[in-house]
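Trainee: Please take me through one part of this model closely, with the cut-offs behind each term.

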Amino acid sequence: MCWLVDLVIRNAKVVDAHFSGMVDIAIEGGDIGALLSPGTACTAAQELDAQGCIVMPGLIDAHVHLREPGLTHKETIATGTAAAVCGGVTTVLDMPNTAPPVSSPQILKEKGKLVAGQAWADVGFYALLGPGMVHQLAALVEVGCVGFKLFLGPTTGSLPAPDWGELYEAFQILADLGVPVVVHAEDRAWVECGQAQVSNRGVFDYQSFLIQRPKLGEVSATQQICLLAGATGAPIHIAHVTSAEAVEVIGRAKSYGWSVTAETSPMYLFLSDEDYAAVGTAMKVLPPVRGRTDQAALWAALRNGIIDMIATDHAPHTPADKDQDLANAAAGAPGVETLLPLLLDAGRQGRCTLADITRWCAYEPARRFGFPNKGRIQPGGRADLVIIDTNEVWTIDQSQLHSKSCVTPFHGRRGVGKARYAILAGNIVMADGDLVGRPRGNWVKPTQGGRASHAR
Ligand code: NCD
Ligand code: ZN
Ligand code: ZN
């Protein structure tokens, strides 16, 4: 066979969630045209040799805070997506706790307009599920949100949740629409109770922080929201799971056949409370990083499918915001650029396989949030790819990261593998750590009917 294509990637050792093998990848019009036997004759406008590297689907990070509009001193669409593609992430789903929060179709439309000409990766947007918004849900879905974000407990942006009656109504509507609600599952009442306990302690050490944001709050919020998903049929997705007990609750909800998915982040997989003494407020995130037993339970839950995916909760704050005592430091850390090297390091230690990484960070988020043409390497799929030299072993250095606010708890840690190329819809957007060409990212909207329910 011989024909003219836009780009051919030769000698690609492809790894995705379902396939691995040596192929040449022919790319036409932004899509994967064909997977060819290596060496197949084919004329291409551009050719890349991936010899010695692996090729994965571009990663999809379902939980990032790009901070635009309103908080652009912390991050922007340009800087956050530059960091993403440098880390092999070609699609990010952005949270609505920006200023203004994404609480109306008009605000979502305005946010969407910021993407073209700025974004290096594709960007999808969540809308807020806040008080008084029930009548707007369908319109927000129409405009193209990937899902709704519900903050059950206090976190950056201080956005309140609707009361349970209103949530019941909202969940019924979202069950009909088949659109997932992503939940920050910490129960406000238990957080307030924890705060009161801490104020009697006199000191504010890491133990105080754990008391202030107790497991009890995470587990009870997770349980409540799973019950509501069961009662209404609404698809829910539990954000940043941190504890063994929350995993149990999610496992039970899934066993009932409810449409429940969950994510955890590298923060909880690679850090524990024991690291605080060395790492400091760089690892202050909400919910908090807990103990080693929890860390082990999260790895086990990823392996057995109770936790479906890894998302970074990329939440940059300026060095001044972070350089405070523990009680006052901002909560959140960047993560989109360190996701892949941390996971490849885990892979090298036998904690996961390359196929696991693509399942957790590409295939599952694509399925849940409605992008059936992304997250896999297959003919007809979008040509979003990352080419990785897995042999490189290096040290993560926050001064080398592309985010606007680079205070990372992973500074000084080992990273494995360098993303040599990131390819977005067939265009090279990053080569050897440098951005290439112009920002080509689009505002991406879920495919109608493209969301998998995940109900068992
Ligand atoms: C996030 C932020 O800063 O926007 N912070 C965090 O600690 N996780 C908010 C959030 O995801 O809860
Ligand atoms: Zn959160
Ligand atoms: Zn978040």
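**Cysteines, a serine and a helix pair**

Mentor: C226 is buried, at 1% relative accessibility (buried is under 20% relative accessible area, exposed over 50%, partly exposed in between, with a 1.4 Å probe and protein chains only). This is a predicted model, in which local features need pLDDT of at least 70 and side-chain atom pairs pLDDT 80 or more, while totals for chains, interfaces and linings use all residues. Residues are numbered from 1 along each chain as written, chains are lettered from A and ligands numbered from 1 in written order, and side-chain values use heavy atoms, without hydrogens and water.

C42 also counts as buried, with 8% relative accessibility. The number of disulfides is zero, a disulfide being a pair of cysteine sulfur atoms within 2.5 Å.

S208 sits in helix α6, residues 206–212 (helices are DSSP runs of H or I, at least four residues, numbered from the N terminus). Its relative accessible area is 0%, so S208 is buried. Beyond its neighbours within four places in sequence, S208 is in contact with V198, R201 and V203, contact meaning heavy atoms within 4.5 Å. For V203, the backbone oxygen lies 3.2 Å from a polar atom of the S208 side chain.

Elsewhere, helix α8 (residues 244–255) packs against helix α11 (residues 292–304) at about 30°, with axes 8 Å apart. The two helices are therefore roughly parallel, the term for angles under 35 degrees. From α8, A244, E245 and V247 meet D294, A297, L298 and A301 of α11. Of the residues in this contact, five are nonpolar, two are charged and none is polar.

Terms used: Polar contact = N/O pair within 3.5 Å; in protein donor to acceptor, adjacent residues only side chain to side chain. Axes fitted to C-alpha atoms, helices over the stretch in contact; angles between N-to-C directions. Parallel < 35°, antiparallel > 145°, perpendicular 65-115°, else oblique. Nonpolar A, V, L, I, M, F, W, Y, C, P; charged D, E, K, R; others polar.
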